[in-house]
Amino acid sequence: MKVSEFDFDLPQGLIATAGGAARCGRLLVVDSGLEDRWVRDLPGLLRPGDLLVVNDTRVIRRPVGRRRGGRRGSN
C-alpha cells in the first residue's frame, strides 16, 4: 500500500478552521431516584451541606506489543 493511495481532493469549505463546541460531561443525580443531568447543571443542584464525590481516575492504557512464538504461531 502506498501513501499516494490516500490522496484525495478536499474542498476548502470542508476544512475546519476552529475547534468544535465545548463538550459538557454527564452527571448522575441521586436523590429520591436517579436522574441524568449535565455537569453544567451542578451549581443549581447543590445545597449547603451536600456531599460532592468526584472521581478523577484515569484509564490505564494496555501495553501494545506483538506476540512471539507460543501456540498461536509466531508474528
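Is Asp 41 buried, partly exposed or exposed? Asp 41 is partly exposed, its relative accessible area being 22%. On the scale used here, buried is under 20% relative accessible area, exposed is over 50%, and partly exposed lies in between (1.4 Å probe, protein chains only).

1. Basis of the note. The model is predicted: local features need pLDDT of at least 70, side-chain atom pairs count only at pLDDT 80 or more, and totals for chains, interfaces and linings use all residues. Residues are numbered from 1 along each chain as its sequence is written, and side-chain values use heavy atoms, with hydrogens and water left out.

2. Salt bridges overall. Four salt bridges are found when the whole structure is searched. The term denotes a side-chain nitrogen of Lys or Arg within 4 Å of a carboxyl oxygen of Asp or Glu. Side chains of opposite charge can pair when their charged atoms come close.

3. The network. A network of salt bridges links Glu 35, Arg 37 and Asp 41. Between Arg 37 and Glu 35, the closest N and O atoms are 3.2 Å apart; between Asp 41 and Arg 37, the corresponding separation is 3.3 Å.

4. Arg 37 is partly exposed, with a relative accessible area of 24%. Glu 35 also counts as partly exposed, at 39% relative accessibility.

5. The pair Arg 47 and Asp 50. These residues form a salt bridge whose closest N and O atoms are 3.9 Å apart. Arg 47 counts as exposed at 53% relative accessibility, whereas Asp 50 is partly exposed at 34%.
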